[in-house]
Structure formats: structure tokens, C-alpha cells
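Here are some questions on strand pairing and on a chain-chain interface. The structure comes first.

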Amino acid sequence: MAYKYCTATNWGKNFFTHEERRQFHLSGHAGEVWVVGDNLYGDQWINKVAGAIKSKVEAQAILDGEIEAAQVAYDALSAEEQAANSRPVKYNLP
Amino acid sequence: MADYKGIQGFNIQSRDGDPDNPIVGDMYYDTASGQFKVVKAGGAPAGTWASGGSMNTARYATTGAGIQTAAFMAGGTTGPANPTANEQYNGSSWSEEGDINTARYEMANAGTTTAGLAFGGNAPPDNNYTESWNGSAWTEVNDLNTGRSYLGRAGTQTAALAIAGYNPGSTYIANTESFNGTSWSETGDLATATNTIMCGGITTSAFAAGGRAGPSVTAVSQTFDGSSWTTGNSINTARRYGGGDAVPGASTALIFGGTTNAASDNVASTEAFDGTSWTEVADLAAAKGGTVGGGGTNTSGLAFGGFNPSSTALATTEEWTANDYQIKTVTTS
């Protein structure tokens, strides 16, 4: 499946609708990164939410930056606080 | 021999794909897949998640409760701070209501927007507080017998369950307590001591799924009949820290989100329970963990708050809407 990548701020109700979820792939990630199915409906949604188109490399860099910041925050926690959760690790966008 | 038109009064329709609003009993030919299909009642709910209004205070680590058009989230944490905030959702937007008395996180909420309950949670050195909401203010009532955080919940203000959890003396708790509107009493233990478990239902028909039962997350699912827990079929994706719907009994449950390990392993996966087995249904738009707020039913649910894979608290809401039907392909053999 082919994807497009963008950043957009979720404003809440009707940012994405049930109908849109049926029409194209959509997944949100840290840094307001959205992975959008590459079809007509996906293009219409990006336009609706005024998404800023990114390349996959750019989108991955935004996500990586968010994870790195979370890793720094995790490393600053006490041992007891760290025990409750695991250290965030980077992952690849589809 | 009668044909379809002779029985129904019309020919089988040809459609390009499945209909948006199927009617139970309909039969049609799907030209897109080249298959005859029929709409049957029951089965895993066929639904999707759409965005709902955003909370005023992004947070996680509290279960929330209520229904899709009247839910609430009390307490929790923003990450750096533990607010006393209590917000209510009306189906489109969140409003700030009366604060809980004691700020705490990894707590549980139960009941409704006019008759709520908030219990457990981490407020060092205590973790057994219970507060009752009458629609305008929170009042402290009798404490849990076994203080705990990272717990699950089910029920209403006057008939609630506190399920599993964690406290400094027990990393994984099997103990379940039942609240009768006045005080808590111990009832049947879970088969597996667990924390960060996903729960829902009522005191006579509840479910508990996933959680952490040792070094790893578990896929174990259990149901409660009012006195004892029974282990059933496992969930498909072992996870903890997710959300569970709040209203129905153990026969129609929904779990969503959670994490398989670290925050960056958050999942968007949603699973529906039909009383016997769990089925993967449509994903959340965004993976989220950190104890996701949950409300509603398995055909009209709500997921709110939680944290994203970079451990940032979320204010977002997603609304689950599904029809209680299944589209089956007609086969011959």
C-alpha cells in the first residue's frame, strides 16, 4: 500500500470522520505526523486538515526527534519511576 | 422451485462494494469482489473510530467512565503534574467540572456523569481513597481495603469493582473488591495477579483482559459472574495500559490501544468480545497507551486521553461507532 505523509493538528470533532476512516488508511504518530493512504480520499483529507506534506524521511525525522526527547525525559526519571515503564524506542513509519 | 425474487419480491442487487448501512437479512452481489454476500445479525461489530472533541487537559493514567455521549475523566497525570481535573464529554466537546479532592494518577473511574466514582490511584503515601460524585461535587467516602494503583474498574457509583493493580507491597494484585455505595468488601480473586489491566462491565458481569502479570504483558482474558473469575479465550494482542468500554457486561466488550512493552510499542489495535472469543476490529487512528480513558459500549464507544509513543499526554478523543451485524460471503460446498 502506498502512503503519503503530512503533519496536521488534530482539532477534535470531525478532524477525521467514520466515512473517511473507511475510505483510506490513516494513522497518527507523535509530532503530529499522519500517515495517509495514497488515494483520492486521502488527498482530500490532507487538504481538509491543511496538512503540511512531508517526505517519508522528513516525517520519520520528526517522529525520531519526538522519541529522542522522550528518551531524554525517561532517563531523567528516578529508578522507581523508570520501573513502571519502559524506555521509549524508535520505530519505523510504514 | 421458488427463486429469490419469488420469495423477496425483488431481484438480488448488484453493488460496487459493501453498503454503508446494511440491513440484516439483505443479500447482494458485490461486483468489486465478485462475491455474493449476506448481512447477518451479531458477530464482531463492524465499525470505525472517528475523531471527537479534545479534552481541555491532556492526560493519562485514569480509566474514565460513562457512555459515548456522556463520559467523564477524573484525575490522572499530565506527565509532569497530577491534576485534580474532572472533565465531562457531551458527545462533541469536553467541559471542566468540579475537581476531585485528592490529586492522583493510575486511578479508576466508574459510573456516570451524574453519579460517578473515583477510587485508588497513586497519592503517596496513600492509594486507597474513594470519592463519590453527585453531579456537582466530589465527596470522600470509605476507602478501599487494599490500596492500589494501576487498577481496573467496572460498574456504577453504587455497585462497582476495583480489579487487580499494584501497590508497594504487591507488584501484581489478584484481589478484587466490590463497592455497594457505602463500603468496599473483598470478593473473588483474579486467576492471575495483574496490573495495568483493561476492564469493563458491571459487578455481576465484568471482564478483565491483558495487563502485566510478570516481566511481560499477558493476553489472558477473564470474566466475572458476581462472585468468581473464570479464564476464557485470550485476546489476540497481548498488551497492558489500554482502555476498556464501561457499560456492557462481559458478553459484549471492547478493548483498545495499550502497549506491548514500552510507550513506543503502543498499539492502535481494537478487539471486540462476543462472550466467547476476541476478534480484531478496526484500529484507532492513533496508537495510544498509558491507560486510555474508555466509555460506552462495543457498538458506541469512546477512547480518550492516554499517551502517544513519545510518552506525551494526549487530549484527543476517538469515537467508536459500529453496527451489530456481520457481512458474510456466500459460499457453496
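Q: In strand 9 of chain B, which residue is the bridge partner of B:G111?
A: The model is predicted, and local features need pLDDT of at least 70, side-chain atom pairs pLDDT 80 or more, while totals for chains, interfaces and linings use all residues. Residues are numbered from 1 along each chain as its sequence is written, with chains lettered from A and ligands numbered from 1 in the order in which they are written. Strand 8 (residues 108–111) and strand 9 (residues 116–119) of chain B run antiparallel and are joined by four bridges; strands are DSSP runs of E, at least two residues, and helices runs of H or I, at least four, numbered from the N terminus. The partner of B:G111 is B:G116.

Q: In strand 23 of chain B, what is the bridge partner of B:E271?
A: Strand 22 (residues 270–273) runs antiparallel to strand 23 in chain B, with four bridges between them. B:E271 is paired there with B:E280.

Q: Which element supplies the largest share of the side of chain A that touches chain B?
A: On this interface, 27 residues of chain A contact 23 residues of chain B, contact meaning C-beta atoms, placed from the backbone, within 7 Å. Helix 1 (18–23), strand 2 (26–29) and helix 3 (56–75) of chain A each supply at least two residues of that side of chain A. The largest share, five residues, comes from helix 3 of chain A.

Notes:
Pairing = 2+ DSSP bridges. Contact = placed C-beta atoms within 7 Å.
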